[in-house]
Amino acid sequence: MSRFWSDIVHRLTPYVPGEQPALAHPVKLNTNENPYPPSPRVVEAIRRELGEDGASLRKYPNPTAHALREAVAKHHGLRIEQVFAGNGSDEVLAHAFQALLKHDAPIRFPDITYSFYPVYAQLYGVEYRTIPLNADFAIDVDDYRAPNGGVLLPNPNAPTGRALPLAEIEVLLKANPDAPVIVDEAYVDFDAESAVNLIDAYPNLLVVQTTSKARSLAGMRVGFAFGDPALIEALTRVKDSFNSYPLDRLAQVAALASYEDQAWFEESRAKVVASREQLASQLRAKGFDVVPSAANFVFAKHPGHDAATLAAALKKQEIFVRHFRLPRIDQHLRISIGTPAECDALVAALTRIVG
Ligand SMILES: *Cc1c(COP(=O)(O)O)cnc(C)c1O
């Protein structure tokens, strides 16, 4: 604390990201990173951009990430003015809070969801109401019918992994024609249905995606928003009042190259999905309750073992999983899907701990 702090800083409760342990070979299943590397074309693109001497780095990058947005627009069958690119989808979401969610009426999001949402709400002074998930952690879209300043939810939800069918997203859009509906699709590629194809029909829909999970580029920080050009313009106005060059040169070429290698993407996501199904059934066999997941993680609890104690015991064996000390979910662990060897290491460690 310091007397030099702006008033708001005293009141902030910042988001706490998962630990990045300083170990040589941790089994890192705590931040939903992809266990497989990005396409080799990504690495080539970065080398090409750097050249022999890195001279390209002297110059500012393209301020609108034009080539990248054009490629991603084409990939999704959108027009470039329906695509916003930001420095990770966290930044895109932050801009959306400021650009689209600050109204008189409070916004709504689930009580159990991405824990960055309340942090942004606090930072930008956006009022919100949380809507409890059902007992089985499902979202009931009928709970979002009341007039509100906006609706925000991840699909699949985090940290539960549960997905909503597209028809339910459409119910949500129809019930809220006068408010923005933001669907955070960070994990959509692992088995859920994207709402991108609804954009032309619903001017209130903003879909947020990232290259961090299914495209193995968490280290590059590239995320997107897709929506009606008016929504994209709102984000762009905030961005250009904040940082005109959010995406650096290497991030722009790396992300673009990733969209040029669809085969690599398909293969890596299919491997993650196969490992997820296997891990879920192994955990169930050990007595865990596992929430059905459409993401690259599973959310599980063991009726006979305290979650914090389990996480601590795993950490002693250099296996990192995520535990949230939050109401309703403090007995759950969120376990990212690793390589088959990493999943095996987890299962072996759990066998030693829970039997
Ligand atoms: C990982 C994640 C993000 C953020 O991704 P970045 O693009 O890496 O900033 C956004 N939303 C949810 C629900 C996530 O889990």
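## Around the ligand

Let's start with the ligand and its neighbours in this predicted model. The residues around the ligand are Gly88, Ser89, Asp90 and Tyr114, then Asp184, Ala186 and Tyr187, and finally Thr210, Ser212, Lys213 and Arg221. Sorted by class, this shell holds three nonpolar residues, four polar ones and four charged ones.

Where does the ligand sit among the pockets of the protein? The space it takes is the second largest pocket.

Arg221 has a side-chain N or O atom 2.7 Å from an oxygen atom of the ligand. For Asp90, the backbone is what matters here: one of its N or O atoms lies 2.9 Å from a ligand oxygen. Lys213 places a polar side-chain atom 3.2 Å from an oxygen atom of the ligand.

How much of the ligand's accessible area does the protein cover? On its own, the ligand has 380 Å² of accessible area, and the protein covers 92% of that.

## Two domains

Now step back to the whole chain. The domain assignment gives domain 1, made of 2–38 and 263–354, and domain 2, which spans 40–261. Taken over C-alpha atoms, the centres of domain 1 and domain 2 are 23 Å apart. The contact between them takes 34 residues from domain 1 and 35 residues from domain 2.

Conventions:
Residues are numbered from 1 along each chain as its sequence is written. This is a predicted model: local features need pLDDT of at least 70, side-chain atom pairs count only at pLDDT 80 or more; totals for chains, interfaces and linings use all residues. Side-chain values use heavy atoms; hydrogens and water are left out. A residue is near a molecule or strand if one of its heavy atoms lies within 4 Å of it. A polar contact is a pair of N or O atoms within 3.5 Å; within protein, one must be able to donate a hydrogen and the other to accept it, and residues adjacent in sequence count only if both atoms are side-chain atoms. Accessible areas come from the Shrake-Rupley method with a 1.4 Å probe; for residues, only the protein chains shown count as cover. On a 1 Å grid over the protein atoms alone, a cavity is a set of points where a 1.4 Å probe fits but cannot get out, and a pocket is an open set with protein on both sides within 12 Å along at least five of seven lines; lining residues have an atom within 4 Å of a point. A molecule sits in a cavity or pocket if more than half of its atoms lie within 2 Å of its grid points. Ala, Val, Leu, Ile, Met, Phe, Trp, Tyr, Cys and Pro count as nonpolar, Asp, Glu, Lys and Arg as charged, and the others, Gly among them, as polar. Domain bounds come from an automatic or database domain assignment. Contact means heavy atoms within 4.5 Å.
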